[in-house]
Amino acid sequence: MSGIDHDGFADGDSPAEQVTEVSGTGIPVRGNDIDTDQIIPARFMKVVTFDGLGQFAFFDQRFDDNDEEKDHPFNEEKYRGANVLVVNANFGCGSSREHAPQALMRWGIDAVIGESFAEIFAGNCLALGIPTITADAETVETLQEYVAANPDAEIEIDVENETVTYGGETVEATVSEAQRRALVEGVWDTTALMGANTEAVKETARSLPYIPADHIPGDGSEDAAGAAGDD
Amino acid sequence: MSRGTLYDKVWQNHKVASLPTGQDQLFVGLHLVHEVTSPQAFGMLKERGRTVAFPKRTHATVDHIVPTGDRARPFGDEAAENMMAELEENVRASGIDFSDPDSGDQGIVHVIGPEQGLTQPGMTIVCGDSHTSTHGAFGALAFGIGTSQIRDVLATGCVAMEKQRVRRIEVTGELGEGVTAKDVILTIIRKLGTDGGVGYVYEYAGEAIEALGMEGRMSICNMSIEGGARAGYVNPDETTYEWLRETDAFADDPETFERLKPYWESVASDDDAEYDDIVTIDGSAIEPTVTWGTTPGQGIGITEPIPHPEDLPAEKVETARRAQKHMRVEPGETMEGYEIDVAFLGSCTNARLKDLREAAAFIKGRDVHPDVRAMVVPGSQRVQKAAEAEGLDTVFKEAGFDWREPGCSMCLGMNDDQLQGDEASASSSNRNFVGRQGSKDGRTVLMSPIMVAAAAVTGEVTDVREMKEVTVA
């Protein structure tokens, strides 16, 4: 295959897009501890791509047994086209499934504002270039109320300066340092970043007593693998 | 910031570089792969024209969607068959070892790693599964990752991480009769909250933890994520080394064992290590613990009353109200006597040989309640085989349990093992989220394996300590 060097590291990574600001209309989903099983039930994960997951976002909250719509912001006409999700505390707790932010992204969400996020969820969002912005409980609740009353109003998230502007007002918010730098500088594609350090990776691997030489590409020969393989 | 802890040392040993994002690039010592979260990552890899950088540090199995009944290929569920076929093709093309059902080594990824000796102290271990924290029981730094990070690890052998704080949780004293590791972790989560561990790694220590075998330590580390902590660990000690000595990795290779042991010892937290936080919990005060709600933090001792929502901190009131409505429980009452329809003994939290032995010892001479559907799903084919060699399968089957093939099963209901309608289950698994066990109206009560056994017999949540011993003729 062309484009791959001897170590299996390719040149095929394109630079990640810079995400300095996100703007659009909002959609509030209220409640603490909204877990990933709610965001996307496990039965919709029996797929080998993420395509088409958007329709299953919050599925069991949105539909009853007869597939009739229930009360949920994701069903409401007034929030159609919204791209800024506003949530409460510990959003995205539970499993590591990237299917959760993938489903939200494919539904149309570009940014999430909340009181707090589960770590793996926030990391998964970052890997998709979706900022997870935090603010105190009161700020978030006020914003949720504002969005509910003004579903067509523009919300502007300034990732770099950590602010959210809506209704002529600007409030302070927080974007974690690593996330802010990654998004603002467009370096959230960590495959490309880390793929540039091939030699240093091998050096680290060699320094670890539990890594046999033949487990490091290019180091041990296949013959050595047979002789020295200890696991 | 912490200093001199196992976390600090393992981090430093695996640090490759500081990234422009402010994150560190960490080398991954072991990458575990399963069928649900990996296919998209392999797909992204192909799109970019990359290949797997460290196939020999990668190991796969199938657990989430695998049927626990008829496993003849093709699987009855077409979607499951497709996922299995995709995994087979991906591991074959990349030269990755695969513990498939034909190998006799298949099982839940967090059961097979430790039993094969893949999991070792001082390693960094990742897997696209939040319960990867389980492997921390061996003094490894182990955490769950998302699919884009799986792509990172496949492509580069590394993961990008921000360093976290370390909280030491000391569980003092001796656990009482009928109290297990599961009760300890449910108590920890209850006290510190489901988001109390966000930004932290948990170091579990103290006499009660040290006295546990590896299975108990795994149950505790397993549910770190339910407390918000992405990783949890126990410092390696003689208990750890005894387990490792018997595994495939070292049983026939004592030289490598002796060569690596000083490294394992070197990564344990120093006596004068500094922590960002220390929490002490009295282990002797812990009761058999069960959940009353729909988050793992909504737990209580079996003799304690279910809390009134309005007595809880403001931010927990609404969640508690919703949970009590869903579970149909009344504040002021205990969980004892809560009727169950299903008893599920399985999952990466509690489906190891010791869990099965303890439950079987209780079940022997008793029968499953006629209204209860009870099942045992061993954590791996090896657990299954060892249990069968001891006759545990017979004990369970004679009592009325269904004895099934290994997999994640009803923990998350991705195969046919699901709650129906509003069934209530006594479950040895790790999550009681609404819809978790396959039915959005299903009700899950988390508890230890022996408490599941007791509930299976009585048909209701039961204090195992109150059950009289059965004399078996």
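In the predicted model, strand 9 (residues 165-172) of chain B pairs with strand 12 of chain B in the parallel sense, over six bridges. Within this region, Glu170(B) is placed opposite Thr280(B) of strand 12 of chain B. Both strands belong to an open sheet of four strands in chain B, with the order 11-10-9-12 and parallel pairing. Strand 11 (231-233) and strand 12 (277-282) of chain B form the edges, each pairing on one side only. From one strand to the next, the twist averages 20°.

The largest nonpolar core holds 216 residues, of which Ile113(A), Ile340(B), Ala343(B), Val445(B), Val452(B) and Ala456(B) touch the most other members. Helix 15 (residues 449-458) of chain B supplies the largest share of this core, eight residues. In chain A, domain 1 (4-188) and domain 2 (197-230) both contribute residues to the core, which therefore lies between them. When neighbours within four places in sequence are left aside, the contacts of Ala343(B) are Val372(B), Ala374(B), Ala426(B), Val452(B), Ala455(B) and Ala456(B).

The contact between chains A and B takes 65 residues from chain A and 76 residues from chain B. On the side of chain A that touches chain B, two or more residues each come from helix 1 (36-39), helix 4 (119-127), helix 6 (177-184), helix 7 (190-195) and helix 8 (198-207) of chain A. By residue class, this side of chain A comprises 29 nonpolar, 20 polar and 16 charged residues.

How values were computed: Residues are numbered from 1 along each chain as its sequence is written. Chains are lettered from A and ligands numbered from 1 in the order in which they are written. This is a predicted model: local features need pLDDT of at least 70, side-chain atom pairs count only at pLDDT 80 or more; totals for chains, interfaces and linings use all residues. Two residues are in contact if their C-beta atoms, placed from the backbone, lie within 7 Å. Ala, Val, Leu, Ile, Met, Phe, Trp, Tyr, Cys and Pro count as nonpolar, Asp, Glu, Lys and Arg as charged, and the others, Gly among them, as polar. A nonpolar core is a set of buried Ala, Val, Leu, Ile, Met, Phe, Trp, Tyr and Cys residues joined through C-beta atoms within 7 Å. A residue is buried if 20 or more other C-beta atoms lie within 10 Å of its own, exposed if 12 or fewer, and partly exposed in between; C-beta atoms are placed from the backbone. Domain bounds come from an automatic or database domain assignment. Two strands pair if DSSP finds at least two bridges between them. Axes are lines fitted to C-alpha atoms, for helices over the stretch in contact, and angles run from 0 to 180 degrees between N-to-C directions.
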